[in-house]
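This report concerns a single protein chain, shown below as a predicted model.

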Amino acid sequence: IFAFDDARISAEDLALHRGDRKHVGEQLPILRELLNASFAQLGYYTEISAGQLARQTEGLAYLLDESLLLYLTKSGRPIAFVLCLPDISEYVVSVRGNLNAINQLRLLATRSRYRREAVLIIKGTVPDEQGHGYMRLLSRELLRNLRTNGYEAMRSTYVERTNPGSVAQYVAMDGRPLHGYTFYEKDLT
């Protein structure tokens, strides 16, 4: 689905990196740098601080399927990333959203059960490297890893329709929209 000339990997000094549960804390600054750079050009994006990212990713190491967190470096510089997580919605519903310490331990002990479906959380490429096919390489590897690890489906979080790069990736995968969103505005003056 995602053709990429593998000869470019060595020619362009590209390196593919995977998530690492033991070193998530060391990988978060790289992901934050990539996230902020990739989304800075979007009018709706607000830069995320290190503290915010730490709070929003608390417990990530417990859920992480290391093969679904990928990032790409070019001559040692991070240029693109994708983060996909196993979908634990079924578990969260079963415990009625109560993720207390005991239920977190239960999830940890049974997390392999929640490896049928995944949710693509976020992906991006730094602006000066967009359009060079690097997300195609990451998407190819992500799909390969999903299939190898037995996942049957992948969904994504909200994708703005005016973001043609992201939409194109899903279309290339034969993805289909699940539903639409409607935003409302009320002038209060």
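Glu 129 and Lys 74 form a salt bridge through their side chains, with an N to O distance of 3.3 Å. The two partners come from distant parts of the chain: Glu 129 is in the loop between β4 and α7, Lys 74 is in strand β2, and 55 residues separate them. Glu 129 is buried at 9% relative accessible area, while Lys 74 is partly exposed at 23%.

Two further bridges can be set beside this one. The search of the whole structure finds 10 salt bridges.

| Salt bridge | N to O distance | Relative accessible area |
|---|---|---|
| Glu 129 – Lys 74 | 3.3 Å | Glu 129 9%, Lys 74 23% |
| Asp 6 – Arg 140 | 2.9 Å | Asp 6 42%, Arg 140 16% |
| Arg 155 – Asp 87 | 2.0 Å | Arg 155 28%, Asp 87 13% |

Asp 6 and Arg 140 form a salt bridge whose closest N and O atoms are 2.9 Å apart. Because Asp 6 belongs to the segment before α1 (7–11) and Arg 140 to helix α7, this pair ties together parts 134 residues apart in sequence. Arg 140 is buried, whereas Asp 6 is partly exposed. Asp 6 and Arg 140 also belong to a network of salt bridges with Glu 141 and Arg 144.

The side chains of Arg 155 and Asp 87 meet in a salt bridge at 2.0 Å, N to O. Arg 155 is in strand β5 (residues 153–156) and Asp 87 in the loop between β3 and α5 (89–94), so the bridge joins parts 68 residues apart in sequence.

Glu 141 has a relative accessible area of 10% and touches Leu 16 and Leu 70, leaving aside residues up to four places away in sequence. Just after α7, Gly 150 adopts a positive phi of about 85°.

The largest nonpolar core has 38 residues, of which Leu 72 and Leu 142 touch the most other members. At least two residues of this core come from each of α2 (24–39), β2 (69–74), β3, β4 (117–125) and α7 (134–148). Another core, of five residues, lies apart from it and includes Ile 88, Tyr 91, Leu 107 and Tyr 114. Beyond four places in sequence, Leu 142 touches Leu 68, Leu 70, Val 82, Cys 84, Leu 120 and Met 154.

Leu 85, in strand β3 (residues 77–86), is buried at 14% relative accessibility. Its contacts beyond four places in sequence include Leu 60, Leu 64, Val 119 and Ile 121. Ile 121 is 36 residues from Leu 85 in sequence, yet their C-alpha atoms are 7.0 Å apart.

On the surface, Tyr 62, Leu 105 and Leu 108 form a nonpolar patch with about 310 Å² of accessible area together. Leu 108, in helix α6 (residues 101–110), is partly exposed.

Overall, the chain has eight helices and five strands. Of its 189 residues, 37% count as buried. Of the contacts between residues at least 6 apart in sequence, 76% join residues at least 24 apart.

Conventions. Residues numbered from 1 in each chain as written. Predicted model: local features only at pLDDT ≥ 70, side-chain atom pairs only at ≥ 80, totals over all residues. Heavy atoms only, no water. Helix = DSSP H or I, 4+ residues; strand = E, 2+ residues; numbered from the N terminus. Buried < 20%, exposed > 50% of the residue type's maximum accessible area, 1.4 Å probe, protein only. Contact = heavy atoms within 4.5 Å. Core = buried A, V, L, I, M, F, W, Y, C linked by side-chain atoms within 4.5 Å. Patch = residues over 30% accessible without salt bridge, like charges linked within 9 Å, V, L, I, M, F, W, Y side chains within 5 Å. Areas by Shrake-Rupley, 256 points an atom, 1.4 Å probe, with all protein chains shown as cover. Salt bridge = Lys/Arg side-chain N within 4 Å of Asp/Glu carboxyl O.
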